[in-house]
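Please look through the sequence and the structure shown here, and then follow the questions and answers below.

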Amino acid sequence: MDFNSGGGGGGNELHNNQFYQCEENKPLLGEMSEGNNNTKLGAGPCKRSLHHCSSSGMRYKLLHEGDIQVCVVKHPRTFLSKILTSKFLRRWEPHHLTLTDSSLTSATPTGYMETSLSYSSIEDLQLLSWDNAPKYCVQLSFPGGTVLLQAANSYLRDQWFHSLQWKKKIYKYRKVLNNPSRWDVVLKEIRALVDMALTSPLQDESIHQAPLHIISTLLAENSNLSTQDHENIILAIAPLLENNHPPPDLCEFFCKHCRERPRSMVVIEVFTPVVQRILKHNMDFGKCPRLRLFTQEYILALNELNAGMEVVKKFVHSMHGPTGQCPHPRVLPNLVAVCLAAIYSCYEEFINSLKEIRNGCQQQNDRKPPMPLRLLRPEPPTPPSLEILVELERNNNSANVRRKGGPSGGDSEPNLIDCLLVSPAVNTLSIQLPAQADRVLGCFALILKMLSDYDDWRPALAIFTHTVHTSAHAYTRFAEDPRQEVHSCLLSVRSGKDGWFQLYSPGGVACDDDGELFASMVHILMGSCYKTKKFLLSLAENKLGPCMLLALRGNQTMVEILCLMLEYNIIDNKDTQLQIISTLESTQVGLRMYEQLCDRQRELKELQRKGGPTRLTLPSKSTDADLARLLSSGSFGNLENLSLAFTNVTSACAEQLIKLPSLKQLNLWSTQFGDAGLRLLSEHLACLQVLNLCETPVTDAGLLALSSMKSLCSLNMNSTKLTADTYEDLKVILLHNSYKCKDILIISVIIT
């Protein structure tokens with residue numbers, strides 16, 4: 001052991017630590033009001049910390065073991081014993097001593113140290129100071145004698161002295177506070193223990209952690225204390241918390257206090273510097289989950305103050321600092337981890353319940369075909385509820401999940417589960433979210449939104465939330481940021497995995513603004529280094545429909561993209577090319593840009609002269625107006641196959657459909673096309689052969705009108721209001737029509 005290693009270096013290290021501790025404990029938040037009282041956060045603890053930071057003197061590392069010379073002098077009772085114990089005849093033994101929690105023990109229990117010396121048996125502990133005393137010696141008095149410990153130098157002697165003194169005192173406090181009698185006495189002992197830790201010349205993490213562990217054990221074993229006793233204890237240990245993380249048991253006690261008394265001034269005065277320290281330092285919340293939970297409860301307590309989210313906003317700003325660059329690199333990742341864990345906890349019960357259903361159903365129905373379960377964006381609930389309803393439809397391979405309630409606003413709903421396997425035997429399942437879910441989601445989703453407003457935090461925030469849904473506001477800031485490292489997070493993480501700009505496209509799980517954010521994202525990507533054929537090819541393969549829909553509505557960015565797809569020959573299918581041309585010609589900006597493109601490439605005009613497309617698929621979320629605008633823009637006399645599945649069209653679009661004389665196949669799956677539209681189709685579309693009405697609001701009144709369509713031979717009426725009698729009538733007609741055809745056609749009639 002190098003006894004001199006803790007000498008001069010310890011003083012410099014302490015000086016630096018004192019400086020940074022004092023700087024950290026400055027109140028970062030402004031005044032926060034609660035009722036009519038104004039309190040500066042951290043004011044009380046900071047004043048005390050400055051007092052201790054100013055203390056000077058030698059600092060020592062806490063010894064746990066070491067080599068030292070030992071001599072035991074028993075009380076002389078006879079003249080002969082006095083001669084044998086004189087300093088000229090004393091015998092010194094080398095020992096390797098260990099300072100345990102309760103006693104002083106030798107690694108070689110022989111001679112003077114044959115038995116351990118308990119701290120409770122030590123009556124007095126002092127440095128030898130009389131004349132002709134052995135050099136560098138510590139004297140331990142016990143009943144019946146004295147133990148002398150001789151060190152190699154004065155620094156090592158003082159180190160042994162202060163370490164033994166600390167071990168003896170902490171042992172006494174542990175015993176006293178383990179069996180409390182009167183709480184006024186206990187509080188006095190706690191204050192004395194804290195003062196001892198603050199004034200100790202020992203410099204070691206355990207010097208402050210040991211008292212905190214003792215107090216946390218005391219609080220855990222006495223949970224029936226009054227609120228006033230709780231606050232008194234917290235105020236007493238506040239100086240220790242300024243520069244030390246609270247142990248797990250103490251964190252649990254702090255969490256309880258934040259939940260039960262969020263408006264207590266203890267939360268503001270004492271907990272603020274503790275949370276600030278947690279967020280500013282390297283923190284593995286996987287190993288310290290209670291520190292993360294305490295930070296969450298503290299933020300929720302701030303949200304309960306009169307100023308609400310304004311107080312939380314001030315706290316976030318204090319963590320960033322007043323300058324444009326945050327001086328603490330760990331604040332952002334720690335804040336993001338706290339927020340995401342809080343949001344996930346609200347849905348944890350929901351996710352676990354679905355997993356249990358999936359596992360149970362897989363064991364019982366291994367041979368049954370699975371049904372996909374997907375999360376749909378719900379309508380705004382009225383009144384708000386915190387219930388998740390899972391609905392499974394029996395007659396097709398689809399299932400819907402509709403969530404009632406949740407966070408206020410639509411930009412904090414995470415994509416919980418993309419696909420879970422459940423059994424068709426399950427009809428409905430209602431799962432109740434925790435009562436505090438709405439409050440938690442609203443608070444921490446808004447914090448993530450605040451984080452995106454800081455320029456220096458945005459690049460790292462974009463990386464942290466690359467695969468996690470945060471808020472539309474955050475992605476808007478990412479899209480507007482010109483830095484590549486920021487807006488590159490909008491792209492997919494790996495091949496085949498949708499990026500956020502794709503999930504926010506019309507029809508995507510996160511889209512709730514008719515594609516405005518999607519267009520903004522694509523615009524910034526196209527304006528940077530992503531203006532390449534590869535990027536356009538990915539859009540053509542995955543999101544051509546949303547691009548065409550927004551171009552149909554006059555979005556200039558999408559019009560430019562469609563023109564580039566034609567110019568770079570991204571699209572090979574002729575029908576798709578003709579549909580893009582018709583889309584461009586449906587708006588003034590599109591027509592102008594298309595004409596400029598045709599001036600550069602004459603073959604496009606030649607392609608258009610050959611006639612319109614034979615197949616056409618409208619993007620999901622398209623409306624009657626979108627269909628009318630598209631069909632009126634070009635020639636669709638050759639159109640034979642039209643898909644309007646999963647669009648927002650209604651019976652009003654029948655006025656446009658009857659203008660397609662060659663139409664043979666029409667897909668209206670999951671639309672609002674009703675009886676009025678069916679009557680109009682039956683009168684004008686004589687060539688229609690295949691019609692899909694699955695999940696439409698049609699009834700017998702409209703379906704009976706189809707009996708006049710002599711060419712109709714395939715009809716899908718799954719999940720409609722069809723009755724058995726009407727089914728039998730239509731079945732006869734369809735069978736008769738199919739026999740009249742040269743080719744054999746499959747009749748698809750499914751009844752709910």
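Q: How many bridges join strand β5 to β6?
A: This is a predicted model, in which local features need pLDDT of at least 70 and side-chain atom pairs count only at pLDDT 80 or more, while totals for chains, interfaces and linings use all residues. Residues are numbered from 1 along each chain as its sequence is written, and side-chain values use heavy atoms, with hydrogens and water left out. Strands (E, at least two residues) and helices (H or I, at least four) are DSSP runs numbered from the N terminus, and two strands pair if DSSP finds at least two bridges between them. Strand β5, residues 103-106, runs antiparallel to β6, and the number of bridges joining them is two.

Q: Which residue in β6 stands opposite L104?
A: Strands β5 and β6 run antiparallel. The residue of β6 that stands opposite L104 is L117.

Q: Which strands stand at the edges of the open sheet of seven strands?
A: The order of the strands is β6-β5-β4-β3-β9-β8-β7, with antiparallel pairing. Each edge strand has a single partner, so one side of each is left without a neighbour in the sheet, and these strands are β6 (117-118) and β7 (124-127).

Q: What is the angle between the planes of F254 and F271?
A: Rings of Phe, Tyr and Trp (its six-membered ring) pair if their centres lie within 6.5 Å, and planes under 30 degrees apart count as stacked, over 60 as edge-to-face and the rest as tilted. F254 lies in helix α8 (residues 248-260) and F271 in helix α9 (residues 265-280), 17 residues apart. F254 is buried, at a relative accessible area of 0%, and F271 also counts as buried at 0%. Their pair is tilted, with 4.7 Å centre to centre, and the angle between the planes is 40°.

How values were computed
Buried means under 20% relative accessible area, exposed over 50%, partly exposed in between (1.4 Å probe, protein chains only).
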